[in-house]
Amino acid sequence: MGLLSGMMGHASEVSIEKLAKEFQPILIDDERIERAYKLIRDMLVFTNKRLILVNKQGLTGSKTDYQSIPYGSIKMFSKESAGIGDLDAELKIWLTGEVEPTIKQDFRKGDNINEAYRVLSRYVLK
């Protein structure tokens, strides 16, 4: 995990408690963060209502774009598990109207892609 895994394009799980203050202004009353993964400065945040893509911009990362994707807009998702000798797994998410996956994110073996997959399953497959 940490900086090296971020530089390699792998998502590292982030403590939900550390994100509470940053996300409090944009979450609705009954919304809660389920899981969050960080890639260098950007993040994937799974709540019980939506997926939030966080894009930190500029050299200092002071400008931040929060893109909300309601789970109802996700038409398909997949998890490609690690093979023998491969420590990584990949999560792919397709949005309605898209032929190719809109979101592709690599996960390290220790960052349990299954938890992110379960959150997607719980809310997309309603």
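Good morning. Accessible areas here come from the Shrake-Rupley method with a 1.4 Å probe. On that basis, the chain has an accessible surface of about 7,700 Å², and carbon and sulfur atoms account for 53% of that area. Please bear in mind throughout that this is a predicted model.

Let me turn to the overall architecture. The chain contains three helices and eight strands. Their order along the sequence reads α-β-α-β-β-β-β-β-β-β-α. Of the 126 residues in the chain, 38% are buried. As for contacts between residues at least 6 apart in sequence, 38% of them join residues at least 24 apart.

I shall now consider the aromatic side chains. How many aromatic pairs does the chain hold? The count comes to five. One of them is formed by phenylalanine 23 and tyrosine 66, an edge-to-face arrangement with 5.7 Å centre to centre and 85 degrees between the planes. Phenylalanine 23 belongs to helix 2, residues 16–23, whereas tyrosine 66 belongs to strand 5, residues 63–70. The two residues are 43 apart, and the pair thus links distant parts of the chain.

Are these two partners buried or exposed? Phenylalanine 23 has a relative accessibility of 0%; because buried means under 20% relative accessible area, this residue counts as buried. Tyrosine 66, at 31% relative accessibility, counts as partly exposed, because that class lies between 20% and 50%.

A further edge-to-face pair is made by phenylalanine 77 and tyrosine 117, with 5.1 Å centre to centre and 65 degrees between the planes. Which parts of the chain does this pair tie together? Phenylalanine 77 lies in strand 6, residues 74–80, and tyrosine 117 lies in helix 3, residues 113–124, so the pair ties together parts that are 40 residues apart in sequence. Phenylalanine 77 is buried, with a relative accessible area of 12%. Tyrosine 117 is partly exposed, with a relative accessible area of 28%.

Tyrosine 117 has another partner to report. The charged end of lysine 79 sits over the ring of tyrosine 117, at 5.9 Å from the ring centre. The ring of tyrosine 117 therefore takes part both in the edge-to-face pair with phenylalanine 77 and in a charge-over-ring arrangement with lysine 79, because the cut-off for the latter is within 6 Å of the ring centre.

Finally, there is a cluster of rings. Which residues does it comprise? Tyr37, Phe46 and Phe107 are linked into a cluster by ring pairs.

Thank you for your attention.

Key. Residues numbered from 1 in each chain as written. Predicted model: local features only at pLDDT ≥ 70, side-chain atom pairs only at ≥ 80, totals over all residues. Heavy atoms only, no water. Helix = DSSP H or I, 4+ residues; strand = E, 2+ residues; numbered from the N terminus. Buried < 20%, exposed > 50% of the residue type's maximum accessible area, 1.4 Å probe, protein only. Contact = heavy atoms within 4.5 Å. Phe/Tyr/Trp six-rings, centres within 6.5 Å; stacked < 30°, edge-to-face > 60°. Lys NZ or Arg CZ within 6 Å of the ring centre and 35° of its normal.
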